Amino acid sequence: MAVKIGRNDPCWCGSGKKYKVCHQAFDDRIEKVRQQGHKVPSRDIIKTPEQIEGIKASAKINIAVLDYIEEHIHAGMTTAEIDKIVYDMTTSMGGIPAPLNFEGYPYSVCTSVNDQVCHGFPSENVVLKEGDIINVDCSTILNGYFSDSSRMFCIGEVSPEKRKLVEVTKECVELGLKEVKPWGFLGDMGQAVHDHAYANGYTIVREIGGHGIGLQFHEDPWVSYNTKRGTDMLMVPGMMFTIEPMVNMGKVEIYVDSENDWEVYTEDGLPSAQWEIQVLVTEDGYEVISW
Ligand code: MF3
Ligand code: CO
């Protein structure tokens with residue numbers, strides 16, 4: 001429960017303005033939706049303009065690293081080489097790779113190939129070959145601000161089936177993004193992502209989703225793609241989260257490698273694809289912060 005602020009007290013957002021001319025109407029509007037029985041965001045996940053600038057500076061590194069990998073990834077390269085590029089580039093730009101040591105994760109990046117769903121360990125033994133599809137998931141900390149996005153890469157000629165999976169997964173994110181606007185619900189986005197994947201005969205992993213981000217790696221809300229329009233958390237300006245569906249070509253079931261407790265695979269061995277963007281809810285829609 002938030003502390004009650006007097007109308008003439010300074011606003012909680014740090015603007016220095018009186019509450020009544022700053023966020024009071026905003027808070028009242030959220031409270032109304034909460035009373036209707038919806039999940040609403042707490043103040044601590046609503047970013048201030050200053051925080052947004054800091055997060056954008058972090059994302060600038062994250063995007064530069066992914067751009068570099070996009071240009072240089074090729075058959076014959078190991079995923080350990082990608083890990084080294086991510087570490088070297090991020091640190092040379094003053095950042096820290098957020099995955100490194102996060103809950104014991106031992107690398108700077110996740111590299112998930114073919115039937116790996118997510119959290120793939122970079123390795124000297126994983127040599128990229130023609131026909132592979134790979135997700136490279138980068139996250140950066142700069143001055144305490146977090147950014148997180150991932151892209152798919154096709155190595156050389158890949159089968160039409162795999163290419164379609166990669167493309168449809170990207171479309172899922174784009175369709176979800178269109179639903180991001182203030183005073184809508186996360187479920188509007190979730191259903192758009194879900195419906196496009198399933199219309200193409202694919203499934204979306206249920207256990208792992210997106211997340212709020214910015215001041216921490218993973219903040220509220222947890223972002224699902226199995227939600228219905230008009231349900232789940234209310235979106236308000238200043239909220240920031242990731243859209244990162246893991247789309248399986250075959251069955252929805254996954255398992256975690258019991259040797260390391262990290263790497264996630266499809267149960268049926270069919271490929272899985274994922275794109276991740278970090279998005280800010282603005283006054284009139286959205287802004288993509290990292291991609
Ligand atoms: N970038 C991943 C995400 O979207 C990070 C997973 S946790 C890690 O949340 F430790 F593997 F990095
Ligand atoms: Co993420």
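Ala, Val, Leu, Ile, Met, Phe, Trp, Tyr, Cys and Pro count here as nonpolar, Asp, Glu, Lys and Arg as charged, and the others, Gly among them, as polar. The model is predicted: local features need pLDDT of at least 70 and side-chain atom pairs pLDDT 80 or more, while totals for chains, interfaces and linings use all residues. Residues are numbered from 1 along each chain as its sequence is written, chains are lettered from A and ligands numbered from 1 in the order written, and side-chain values use heavy atoms, without hydrogens or water.

**View 1. The shell around ligand 1.** Around ligand 1 stand 14 residues (a heavy atom within 4 Å). P99, D137, D148, H218 and E244 are the closest. The shell comprises 6 nonpolar, 4 polar and 4 charged residues.

View 2. The side chain of H218 has an N or O atom 2.7 Å from an oxygen atom of ligand 1. For E244, a polar side-chain atom is 2.9 Å from a ligand 1 oxygen atom. A nitrogen atom of ligand 1 lies 3.3 Å from a side-chain N or O atom of S139. The protein buries 95% of the 330 Å² that ligand 1 exposes when taken alone (Shrake-Rupley method, 1.4 Å probe).

**View 3. Surroundings of M189.** Leaving out residues up to four places away in sequence, M189 touches G176, E179, V180, V223, S224, Y225 and I243 (heavy atoms within 4.5 Å).

Conventions: A polar contact is a pair of N or O atoms within 3.5 Å; within protein, one must be able to donate a hydrogen and the other to accept it, and residues adjacent in sequence count only if both atoms are side-chain atoms.
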